[in-house]
Amino acid sequence: MRAGEYDRYDRIRGVLAEADEPLTAREILALVEECDECEAIDSPHRVATVLGRRAERGEVEVIAGQPYRYRLET
């Protein structure tokens, strides 16, 4: 895994850890963008890609629907 991917996941994971409910990729992106010091994530698609990879490892749950929602596995 590249360092940039780890950094993106770390920020996304932080947002999900603080969430009371599953979030969409767009909602996650909006919360990540509130960090002024963080490198930008370019799109909700990038968020979904990062989370999809982590879901394959069992770290994230993907809730199918329109749109997909994400939460950390507990």
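1. Nonpolar core. The largest nonpolar core has 16 residues, and those touching the most other members are I12, L16, I28, V47, L51 and Y70. At least two residues of this core come from each of α1 (3–18), α2 (25–32), α3 (44–56) and β2 (69–72). A nonpolar core here is a set of buried Ala, Val, Leu, Ile, Met, Phe, Trp, Tyr and Cys residues joined through side-chain atoms within 4.5 Å. Buried means under 20% relative accessible area, exposed means over 50%, and partly exposed is in between (1.4 Å probe, protein chains only). Helices (H or I, at least four residues) and strands (E, at least two) are DSSP runs, numbered from the N terminus.

2. Basis of the model. The model is predicted, so local features need pLDDT of at least 70 and side-chain atom pairs count only at pLDDT 80 or more, while totals for chains, interfaces and linings use all residues. Residues are numbered from 1 along each chain as its sequence is written, and side-chain values use heavy atoms, with hydrogens and water left out.

3. I28. Which residues does I28 touch, not counting residues up to four places away in sequence? They are I12, V15, L16, L23, V47, L51 and Y70. Contact means heavy atoms within 4.5 Å.

4. Helix α2. A25, I28, L29 and V32 are the buried residues of α2. They lie on the same side of α2 because they cover an arc of only 100° around the axis. The arc is that of the directions from the helix axis to the C-beta atoms. As background, an α-helix has 3.6 residues a turn, so residues three or four places apart point the same way.

5. Helix α3. The 13 residues of α3 reach 18 Å from the first C-alpha to the last, close to the 18 Å expected at 1.5 Å a residue. The expected span is 1.5 Å times one less than the number of residues in the helix. Buried residues in α3 are V47, V50, L51 and R54. Seen down the axis of α3, its buried residues fall within an arc of 95°, so they line one face of the helix. H45 and E56 are exposed residues on the face of α3 turned away from its buried side.

6. R54 and aromatic rings. The charged end of R54 sits over the ring of Y9, at 3.8 Å from the ring centre. The criterion is NZ of Lys or CZ of Arg within 6 Å of the ring centre and within 35 degrees of the ring normal. How many aromatic pairs does a search of the whole structure find? The search finds 0. Rings of Phe, Tyr and Trp (its six-membered ring) pair if their centres lie within 6.5 Å; planes under 30 degrees apart count as stacked, over 60 as edge-to-face and the rest as tilted.

7. T24 is in the loop between α1 and α2. Its relative accessibility is 7%, so T24 counts as buried. Leaving aside neighbours within four places in sequence, T24 is in contact with P67, Y68, R69 and Y70. P67 lies in the loop between β1 (60–63) and β2. The peptide bond joining Q66 and P67 is cis, with omega about -5°.

8. After α3. G58 follows α3 and has a positive phi, near 85°. G58 lies in the loop between α3 and β1 and is partly exposed, with a relative accessible area of 43%. The C-alpha atoms of G58 and T74 are separated by 9.8 Å, the two residues being 16 residues apart along the chain. R57 is also found in the loop between α3 and β1, and R57 is partly exposed at a relative accessible area of 47%. R57 and D7 are 50 residues apart along the chain, with their C-alpha atoms separated by 17 Å.

9. R13 is in helix α1 and counts as partly exposed at 40% relative accessibility. From R13 to V32 the C-alpha to C-alpha distance is 9.8 Å, for residues 19 apart in sequence. C35 lies in the loop between α2 and α3 and counts as partly exposed at 29% relative accessibility.
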